[in-house]
Amino acid sequence: MSHDLALVDTWASAGNSLWHRASALSKMAFVALVLSTILTSSSPAYLAGLYAALCVLVVLARVPLGPAVLLSLYPVLFSSLYLLSRWDGTWTTPALLLLRSLSSSLLAVLLVATTPYPDLFAPIARVTPRLIGDGLFLTYRAFFGLIARADRMWTALKLRGGLSGRGLPRDFRSAGEGLGQLVVHSYDRSQRLYAIMHIRGHSGRVCGCRHWAEFSPFDLAPLALGGVAIGLRFWLEGR
Amino acid sequence: MTHLHIADGVLPIWLWLAGLVIAAVCAGVASYRHRRDRPDRLTLLAALCAVMLAAMSVPIGPLGHLSFAPMVGILLGPGLGFVAALLVNGTLALLGHGGITVVGLNTCILGAAMVTARPAYRLLRRRLAPGRAGALAAVVALTVSVAALCLVVALAARGSGPAGAVLASDPDLPGMKATGRFVLFSSPFWVIAIVAEALVTSSVLSFLARVRPELLP
């Protein structure tokens, strides 16, 4: 999982497709429009078509389809218990819920894989308290900084027999010591980051970039496609 | 296991909207109360959220993973702990791991563990060593969180509404029966997850007590 997650930041920063060039605001509007159709649609055919269309958009945005689809599968795997407990004996309800889950997850992955995180969080930071807006920005930044270190640590633990599978309590204790090291490392890193921010004249707001609202002709695609999704939803299912 | 991995479009609209409102109010109050904190608390909050996200990549069987919520709750305290729950769930939703609309409910469920963890730890710490106090505090915090999760599932089964509430409008599946079935299917995983989380929390706290005691409350 962590390997796939680490790729998301690379896709967002290094990509140069038409979708990447659209502003964060227009892509967020696209997500809001399409999500509203996902939430209100009761047609498996519409949702299946939407999922296929999202896969095409992922490919057009030059984001690798396999890892992106894999990321969108996680909630389906974890919500299986819930869906199983609520099964009513028909195939329509599980299909509907499955397609809703898949489509909304892929939608989020498409947004985050084509939008650099400073642009993504800048509009959120404008409408939330400082602790939340800047916290989200710094969390995302810290996560991608930490993930490679965490991967190396798990590998080292496995190689040295810390997670051998011979005794679960011992394994969890080893995992705990590894996580303890990550806590100490993260604490030291956060103190260094604060010192750097202080030296650079931190004035109480971290996330101040303005690219998220720089509109261009590339914004027409997300807005038009969002409108098409709404139109199709009403055309196929009515109100 | 102790937060709701349910994607968008599964729960009734009124329920996830209520979750968003409750989470927004609680996070707003917490942000207001911590507005005069030293600025380095913000970087610490982000760093511990990142550790939580990294810890979530540790699997517990095929359907669960560590949450690290009690540990971070003990280190940050109730207010910042709730904000951390919001930040972690917001990041997870963006990465396709859980729905965007259920961020509020997930925050309330995970936040319940984080808010409870430090008071329970402080109470137990009077009589026990950090490791044991942390393990028991993790059990208390996660039990509260699981109770919140069951409450959400029970409410979802009771509700009715428009197209968004597919499950809630099923007349052949009474709410209590569906909730009972969910608890029955999930409880073995909860027990395993809580024991694993308690062992990990105990281990991390013992480690921190040895190498960085100043980090502990």
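How many residues of chain B are in contact with chain A? The legends below take this up, starting with the interface.

**View 1. Chain B meets chain A.** In this predicted model, 66 residues of chain B are in contact with 66 residues of chain A. Two residues are in contact if their C-beta atoms, placed from the backbone, lie within 7 Å. On the side of chain B that touches chain A, the elements giving two or more residues are α1 (13-33), α2 (40-55), α4 (78-94) and α7 (175-211) of chain B. Helices are DSSP runs of H or I with at least four residues, strands are runs of E with at least two, and both are numbered from the N terminus.

**View 2. The fold of chain B.** Chain B has seven helices and two strands. Along the sequence they follow the pattern α-α-β-β-α-α-α-α-α.

**View 3. Helix α4 of chain A.** This helix (residues 44-60) has 17 residues. The buried ones are A:Tyr46, A:Leu47, A:Leu50, A:Tyr51, A:Leu54, A:Leu57 and A:Val58. They sit on the same side of α4(A), because they cover an arc of only 135° around the axis (taken from the directions from the helix axis to the C-beta atoms). On the other side, A:Ala45, A:Ala52, A:Val56 and A:Leu60 are exposed. Buried means 20 or more other C-beta atoms within 10 Å of the residue's own, exposed means 12 or fewer, and partly exposed lies in between; C-beta atoms are placed from the backbone.

**Notes.** Residues are numbered from 1 along each chain as its sequence is written, and chains are lettered from A and ligands numbered from 1 in the order in which they are written. The model is predicted: local features need pLDDT of at least 70, side-chain atom pairs count only at pLDDT 80 or more, and totals for chains, interfaces and linings use all residues.

Note on methods. The expected span of a helix is 1.5 Å times one less than its number of residues.
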